[in-house]
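Please look over the structure first.

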Amino acid sequence: MSRLLNDLFKTGCVFVACAGLSACTTGETGQLINDPYEQTNRQIHAFNKGLDRNLLRPAGQVAAATPEEISGPISNFADNVGLPGAVANGLLQGDIGGAATNTMRFVVNTTVGVGGLLDPAGGIGLTEEKTDFGETLAVWGVGEGAYVEMPVLGPSTQRDAVGFVVDLFLDPLENVGLSTLNDYGTASRGLDLAITRGRFMETIDSVLYDSADSYSQARLAYLQNRRFDLGDTITAAEEIDPFADDLNLEGFE
């Protein structure tokens, strides 16, 4: 009964999230940066920046000093538990090849790779086909929506925020008898976040602490990379100017 209630709760959350797409703010045709919630986004960015300064960056420094023999298996495990979700999204997108690659990678690394701590699949050319429900929505023709910065999670768009909720609540691992693996995966993802922060320390620091307007730079970097990953050739990255709009920076770091 508890499992049924849990599934119903998750399904309800997904329906609520998807319903939120109907309220997505649409920018003008050809608009490169659609940020109608900039004032609120900047306040959240200031909070996230403080969180990074006081927690995530120090954790990243510790992770950067950790031997690869320790940090490597943690990252491998975190990536591995995310593969079933990538398989599901691949199928929803009609990407049978990508779904098959991710399935084989998960099987090989979960078995031969000691539950995903090792990456023998990578050694034989089975590299992960990264995807998520935000990309699935894009394939289905759902627009990007407005730019939003999420507390703790950072830069996103309305479409990707909904995609994150769906990916969070609908994890295939729980439906195939691997919920224990998923439980450990939650902890490994947190540790992997610190490892990633340490790995890209200089790049992230340059955006957050060395730029004149860290909010605009973070927004630019996210939209550039996300649109490139989704194959958005309409918006050329070099055409986006983070200072093109008339920004009021007073009161913001």
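Is Asp35 buried or exposed? Asp35 is buried, because its relative accessible area is 11%. Keep in mind that this is a predicted model.

**Salt bridges**
- The count of salt bridges comes to 12.
- Asp35 pairs with Arg219 in one of them, with the closest N and O atoms 2.8 Å apart.
- Arg219 belongs to helix 11 and Asp35 to the loop between helix 1 (2-19) and helix 2, so their pairing ties together parts 184 residues apart in sequence.
- Arg219 is buried too, at 0% relative accessibility.
- Through shared partners, salt bridges join Asp35, Glu38, Arg42, Asp213 and Arg219 into one network.
- Arg105 and Asp119 also form a salt bridge, at 3.0 Å from N to O.
- Asp119 sits in the loop between helix 5 and helix 6 (120-123), and Arg105 in helix 5, so this pair links parts 14 residues apart in sequence.
- Arg105 is buried at 10% relative accessibility, whereas Asp119 is partly exposed at 30%.
- A further salt bridge joins Arg197 to Asp205, with the closest N and O atoms 2.8 Å apart.
- Arg197 is buried at 3% relative accessible area, and Asp205 is buried at 10% relative accessibility.

**Helix 2 with helix 11**
- Helix 2 (residues 38-64) and helix 11 (residues 214-229) cross at roughly 95°, and their axes come within 10 Å.
- The two helices are therefore roughly perpendicular.
- Helix 2 brings Glu38, Asn41, Arg42, His45 and Lys49 to the contact, where they meet Ser214, Tyr215, Ser216, Ala218 and Arg219 of helix 11.
- By class, these residues are two nonpolar, four polar and four charged.

**Helix 4 with helix 5**
- Helix 4 (residues 83-92) packs on helix 5 (residues 96-111) at about 160°, with the axes 8 Å apart.
- That angle makes helix 4 roughly antiparallel to helix 5.
- Their crossing is left-handed.
- Helix 4 contributes Leu83, Pro84, Ala86, Val87, Gly90 and Leu91, and helix 5 contributes Ile96, Ala99, Asn102, Thr103, Arg105 and Phe106.
- This contact has eight nonpolar residues, three polar and one charged.

**Helix 3**
- Ser75 lies in helix 3 (residues 68-81) and is buried, with 6% relative accessible area.
- Beyond its neighbours within four places in sequence, Ser75 contacts Asp192, Ile195 and Arg199.
- Gly72 is in helix 3 and counts as buried at 10% relative accessibility.
- The C-alpha atoms of Gly72 and Leu117 are 8.0 Å apart, across 45 residues of chain.

Key:
Residues are numbered from 1 along each chain as its sequence is written. This is a predicted model: local features need pLDDT of at least 70, side-chain atom pairs count only at pLDDT 80 or more; totals for chains, interfaces and linings use all residues. Side-chain values use heavy atoms; hydrogens and water are left out. Axes are lines fitted to C-alpha atoms, for helices over the stretch in contact, and angles run from 0 to 180 degrees between N-to-C directions. Helices (H or I, at least four residues) and strands (E, at least two) are DSSP runs, numbered from the N terminus. Angles under 35 degrees count as roughly parallel, over 145 as roughly antiparallel, 65 to 115 as roughly perpendicular and the rest as oblique. A crossing is left-handed if the near helix is turned anticlockwise from the far one by less than a right angle, and right-handed if clockwise. Contact means heavy atoms within 4.5 Å. Ala, Val, Leu, Ile, Met, Phe, Trp, Tyr, Cys and Pro count as nonpolar, Asp, Glu, Lys and Arg as charged, and the others, Gly among them, as polar. Buried means under 20% relative accessible area, exposed over 50%, partly exposed in between (1.4 Å probe, protein chains only). A salt bridge is a side-chain nitrogen of Lys or Arg within 4 Å of a carboxyl oxygen of Asp or Glu.
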